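Please read it with the sequence and the coordinates side by side.

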Amino acid sequence: MYQINRPIENFKWEFLEGPFGKAIYVIAVEETSITTTKIVGIQCAIPIELISSKGKVVLTAKSEDTLVDPAYRGQKIFERMYALLFDECRKAGVQYLWGFTPAQKAFERIGFEIPFKAEQALLVFNPLKAYHYLTGLNAQNTSVDKLKILGLCMLSWIKGFKRHFISLRNNDLREALIQKKNDFFQTCYGDHDYFTLNETDEYMKWRIDQNPFQNSYSSFQLHKNETLAIDAILNVREDVAYLEQIFSCQNETAPIIASLAAKATKKNVSLIRALCFSTNQELVLQGDQLTKAGFTYLKRGSYFVWKSLNTSIHISPNRLLLNRLFTQGNN
């Protein structure tokens, strides 16, 4: 349907080799086809554990691979696939199903909440290279779209100069192994009732080390008086860097964000991006600190969808500390 190649190894990694179990994968088949098995719809749920800042673990699943052949739309295939998926998720003990999508109305029709939209922030280092990268993400960009993207790149480049006036004085920034994130998450947010990914060693090995999408992850930690204060994950790809995740025991994170941006520039990328949200106090604070560090903040992104499959366990989606690790890292 998308005219792109997905190697079988990538499929196995994403749907069969996850640390919390294989994906529940639903397909719709054309029953009148006799000579071949003609697949006309696909939908799946990847088991993902969430953990609270107080240590409670809940099994959820991430909705992925939603697609119906255009020739078969209008036959309730989307709804029928999800009805089966809901049943199978309940049997597997999945408490919540969630994901990101541009299709707001379709998901609302089948009972998903749409509590908020994702947002984004970017910091451009090379306006021309960043322009070519961003316009290349969507082949359907019009001339007006491209002009707006060029203006955004120039604006972000100019605003980004403020990062040069932020420094990490009297602090100790170190590169560290990507491990024990749960411990630090609970140390920072133990007084709150936040949930985030259950970043076990098995999860981080799968999501970080075995990720097939040409990502290069590094973990950086800020210490004050030998005590860990901020932990961040930076991802550097060929043309772009991503600020994947920040956990912080202090409100002021702009200096370390500026420092991470400086590390990204040494890798010759054209820009650094962050997936953002403004649904709770901590995420609003992170957005403010990104702006302070020179990022341009945009309230544009996909819808976040959320569905409870077990009413005995209540988690408000506004208590999630979301970040880019909630995605599969494939774009």
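The sections below take up the basis of the model, its cavities, a pocket, one serine and the aromatic pairs.

## Basis of the values

This is a predicted model, in which local features need pLDDT of at least 70 and side-chain atom pairs count only at pLDDT 80 or more, while totals for chains, interfaces and linings use all residues. Residues are numbered from 1 along each chain as its sequence is written, and side-chain values use heavy atoms, with hydrogens and water left out.

## Cavities

Rolling a probe the size of a water molecule over the atoms shows where empty space is left. On a 1 Å grid over the protein atoms alone, a cavity is a set of points where a 1.4 Å probe fits but cannot get out, whereas a pocket is an open set with protein on both sides within 12 Å along at least five of seven lines; lining residues have an atom within 4 Å of a point. Grid points are joined across faces, edges and corners, and a volume is the space filled by probe spheres set on the points.

The structure holds 2 cavities of 30 Å³ or more. The largest has a volume of about 160 Å³ and a lining of 18 residues, with Ala 274, Leu 275, Cys 276, Gln 286 and Leu 290 nearest its centre. Two or more lining residues come from each of E11, strand E12 (271-276) and helix H9 (281-292), and H9 gives the largest share, 5 residues; helices (H or I, at least four residues) and strands (E, at least two) are DSSP runs, numbered from the N terminus. By class this lining has 10 nonpolar, 6 polar and 2 charged residues, where Ala, Val, Leu, Ile, Met, Phe, Trp, Tyr, Cys and Pro count as nonpolar, Asp, Glu, Lys and Arg as charged, and the others, Gly among them, as polar.

The second largest cavity, of about 30 Å³, is lined by Ile 246, Phe 247, Leu 283, Gln 286, Leu 321, Leu 322 and Asn 323. E11 and H9 are the elements that give two or more residues to this lining, which has 5 nonpolar, 2 polar and no charged residues.

## The second largest pocket

The second largest pocket has a volume of about 320 Å³, and of its 14 lining residues Ala 28, Val 29, Glu 31, Ile 77 and Arg 80 are the closest to its centre. Strand E1 (24-29) and helix H2 (77-91) each supply at least two lining residues, and the lining divides into 9 nonpolar, 2 polar and 3 charged.

## Ser 248

Ser 248 lies in strand E11 (residues 240-248) and counts as buried at 4% relative accessibility (buried means under 20% relative accessible area, exposed over 50%, partly exposed in between, with a 1.4 Å probe and protein chains only). A polar atom of the Ser 248 side chain lies 2.6 Å from the backbone oxygen of Gln 250.

## Aromatic pairs

The structure holds 28 aromatic pairs, in which rings of Phe, Tyr and Trp (its six-membered ring) have centres within 6.5 Å, and planes under 30 degrees apart count as stacked, over 60 as edge-to-face and the rest as tilted. Phe 15 and Tyr 25 form an edge-to-face pair, 5.5 Å centre to centre with 85° between the planes. This pair links helix H1 (residues 8-15) to strand E1; Phe 15 is buried at 1%, whereas Tyr 25 is partly exposed at 28%.

Terms used:
Polar contact = N/O pair within 3.5 Å; in protein donor to acceptor, adjacent residues only side chain to side chain.
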